[in-house]
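Me: I would like to learn how to read a model of this kind, one feature at a time. Please show me the chain first.

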Amino acid sequence: MNFSAEASHHHHHSYGHDHKQCVTEALGAAENLCLARGVHLTPIRHQVLELIWDSHKAVKAYELLDRIKPSQQAARPATIYRALDFLIEQGFIHRVESLKAFIGCRCSEHQHELLLLICKHCNEVEERLAPAVMAPLSQEFSQAGFIVHSKAIEAQGICGKCLRFEDTQN
Ligand SMILES: [Zn+2]
Ligand SMILES: [Zn+2]
Ligand SMILES: [Zn+2]
């Protein structure tokens, strides 16, 4: 494959990143974890996961429903929500609270805390584990006697790729 010719047809975010590799790895990891855990990655769950991994952009439940309808006419919002609940529970995806949307998780083999960097320009969300930030935060919670149910810090801004792209346009 001639990458440079191929890339010129793509959105700028395709540069320097083989997204097919991301998808293959994420779906493979999910399939293996389901086998290991004895849970079923049903066709609808698999399809929803694949659709979420279509890109690194956060995707909303109704967008998933729209994209699933052509192949699964019986799909209802509840179908999507049940699949999303399963995928969250298994750690294959994360909910981006501030966008009410979902992204695929790159490290689904373990539960983890996260820092989400949300680009308001391209809507891509980068997940970072940020242990140097999370450890002192845990101390704060325990000092406060506070039990945390979900610990995700969401930051809104412009991602490095969009920033570089804007630079080359000026
Ligand atoms: Zn990717
Ligand atoms: Zn994750
Ligand atoms: Zn961006």
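This is a predicted model: local features need pLDDT of at least 70, side-chain atom pairs count only at pLDDT 80 or more; totals for chains, interfaces and linings use all residues.

Reply: Residues are numbered from 1 along each chain as its sequence is written, while chains are lettered from A and ligands numbered from 1 in the order in which they are written.

Me: How many helices and strands are in the chain?

Reply: Helices (H or I, at least four residues) and strands (E, at least two) are DSSP runs, numbered from the N terminus. The chain has seven helices and five strands, and their order along the sequence is α-α-α-α-α-β-β-β-β-α-β-α.

Me: What share of the residues counts as buried?

Reply: A residue is buried if 20 or more other C-beta atoms lie within 10 Å of its own, exposed if 12 or fewer, and partly exposed in between, with C-beta atoms placed from the backbone. Of the 170 residues here, 21% count as buried.

Me: Which residues of the largest nonpolar core touch the most other members?

Reply: In soluble globular proteins, nonpolar side chains tend to be buried together. A nonpolar core is a set of buried Ala, Val, Leu, Ile, Met, Phe, Trp, Tyr and Cys residues joined through C-beta atoms within 7 Å. The largest one here has 30 residues, and those touching the most other members are Val48, Leu49, Ile52, Leu87, Ile93, Val96 and Phe102. Two or more residues each come from α2 (19-37), α3 (43-52), α5 (77-89), β1 (93-96), β2 (101-104) and β3 (114-119). Helix α5 gives the largest share, five residues.

Me: What is Val96 in contact with, beyond its neighbours within four places in sequence?

Reply: Two residues are in contact if their C-beta atoms, placed from the backbone, lie within 7 Å. For Val96 the partners are Ala58, Ala101, Phe102, Ile103, Leu116, Ile118, Val125 and Glu154.

Me: At what angle do α3 and α5 pack?

Reply: Two packed helices are described by the angle between their axes and the distance between the axes. Axes are lines fitted to C-alpha atoms, for helices over the stretch in contact, and angles run from 0 to 180 degrees between N-to-C directions. Under 35 degrees counts as roughly parallel, over 145 as roughly antiparallel, 65 to 115 as roughly perpendicular and the rest as oblique. Helices α3 and α5 pack at about 80 degrees with their axes 9 Å apart, and are therefore roughly perpendicular. On the α3 side the contact uses Ile44, Arg45, Val48 and Leu49; on the α5 side, Thr79, Ile80, Ala83, Leu84, Phe86 and Leu87.

Me: Where do α4 and α5 meet?

Reply: Ala61, Leu64 and Leu65 of α4 meet Pro77, Ile80, Tyr81 and Leu84 of α5. The angle between α4 (residues 61-68) and α5 is about 115 degrees, and their axes are 9 Å apart.

Me: Is His94 buried or exposed?

Reply: His94, in strand β1, counts as buried because it has 24 C-beta neighbours inside 10 Å. Its C-alpha is 6.3 Å from that of Gly104, which is 10 residues away in sequence.
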